[in-house]
Amino acid sequence: DLKRIKKHMFDPFEYLSDRESKGLMNKDFKMSLGKIAYQVACHQRVQNIGPKTKELLELIPDTEVKAIERCSGHDGTYAVKEETHKNSVKIANPVSRKVDESEPDHLTSDCPLAAKQIQHVSKNKINSAHPISPLLWLFIISNAGNVKMTPAAKDSPDETAVWTQLFSKIFVPFERFAFSKLLRTAIEITAAGIEALTVIPT
């Protein structure tokens with residue numbers, strides 16, 4: 001049973017990368033995200049799936065992604081314990097300096113806690129979010145009024161509902177674009193809705 005479940009569990013950007021490689025991902029983005037400072041999460045190196053997030057974000061027109069492969073120092077509860085907080089800040093300082101020097105429009109990481117730690121230490125205090133948040137915003141803006149719902153989206157895989165549950169768990173509000181208002185609509189929080197936003201309209 002565990003092996004069956006494993007076959008249907010994906011990192012969000014691993015899933016999107018698979019769709020893109022099969023020509024099933026809608027890439028008709030209407031806007032740029034500008035310059036993104038992207039901290040490569042430690043857990044992604046363990047997953048050994050490659051730089052899927054960076055590759056997907058770089059598909060967005062006029063978007064520059066600066067990858068920073070260094071630990072943020074958060075490490076679960078390490079950054080929030082009184083006895084280890086100062087050490088965690090020392091670990092995060094080199095990363096936050098790189099972020100400040102690059103003067104990005106956005107700060108993101110596949111580990112939202114890592115991004116928040118970098119934001120906390122950074123002098124510029126730029127808003128941070130999981131990378132799926134700005135990508136969702138682009139899907140919504142780019143496909144507004146253009147998606148034709150069908151009983152089954154083109155070549156729709158059966159794992160969409162499972163992936164969407166993960167999607168809803170890791171979603172972090174993208175403050176700059178007021179996502180809290182957008183999330184009140186049903187389409188962004190259902191399997192059918194996410195499917196409609198990410199596939200090529202039929």
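# Reading a predicted model, feature by feature

Tutor: Let us begin with a count, which comes to 4 salt bridges, where a salt bridge is a side-chain nitrogen of Lys or Arg within 4 Å of a carboxyl oxygen of Asp or Glu. Residues are numbered from 1 along each chain as its sequence is written, and side-chain values use heavy atoms, with hydrogens and water left out. The model is predicted, so local features need pLDDT of at least 70 and side-chain atom pairs count only at pLDDT 80 or more, while totals for chains, interfaces and linings use all residues.

Student: What is the pLDDT average of the chain, and where does pLDDT stay under 50?

Tutor: The term pLDDT stands for the predictor's confidence in each residue, from 0 to 100. Here the chain averages 75, and 70% of the residues score at least 70. Over residues 147-193, however, pLDDT stays under 50, and for this stretch the model has 82 contacts beyond four places in sequence, a contact being heavy atoms within 4.5 Å. Where pLDDT is low, the predicted coordinates should not be read in detail.

Student: How many helices and strands make up the secondary structure of the chain?

Tutor: Helices (H or I, at least four residues) and strands (E, at least two) are DSSP runs, numbered from the N terminus. This chain has 10 helices and 4 strands, and from the N terminus on its elements run α-α-β-α-α-β-α-β-α-β-α-α-α-α.

Student: Which residues form salt bridges, and how far apart are the closest N and O atoms?

Tutor: In general, side chains of opposite charge can pair when their charged atoms come close. In this model K27 pairs with E20, with the closest N and O atoms 2.8 Å apart; K30 pairs with D28 at 2.9 Å; and E58 pairs with K54 at 2.6 Å.

Student: What part of the 202 residues counts as buried, and is T53 buried or exposed?

Tutor: Of the 202 residues of the chain, 43% count as buried. T53, which lies in helix α4 (residues 52-57), is one of the buried residues, at 0% relative accessibility. Not counting residues up to four places away in sequence, T53 touches F13, Y38, Q44, D110 and P131. A second case is A114 in helix α6 (residues 112-121), which is buried at 4%. Apart from its neighbours within four places in sequence, A114 is in contact with Q39, S72 and S109. A114 and A79 stand 35 residues apart in sequence and 9.6 Å apart in space, C-alpha to C-alpha.

Student: Which residues form an aromatic pair, and how is the pair arranged?

Tutor: A pair of aromatic rings is described by the distance of the centres and the angle of the planes. Rings of Phe, Tyr and Trp (its six-membered ring) pair if their centres lie within 6.5 Å, and planes under 30 degrees apart count as stacked, over 60 as edge-to-face and the rest as tilted. A search of the whole structure finds 1 aromatic pair. F10 and Y15 form this edge-to-face pair, with 6.0 Å from centre to centre and 65° between the planes. F10 is partly exposed, at 21% relative accessible area, whereas Y15 is buried, at 2%.

Student: Which residues have a positive phi without being glycine, and where do they lie?

Tutor: D62 has a phi near 55°, a positive value in a residue other than glycine, and D62 sits in the loop between α4 and β2 (64-68). E103 likewise is not a glycine and has a positive phi of about 45°; E103 lies in the loop between α5 (85-102) and β3 (106-109). D62 counts as exposed at 71% relative accessibility, and E103 counts as exposed at 63%.

How values were computed:
Buried means under 20% relative accessible area, exposed over 50%, partly exposed in between (1.4 Å probe, protein chains only).
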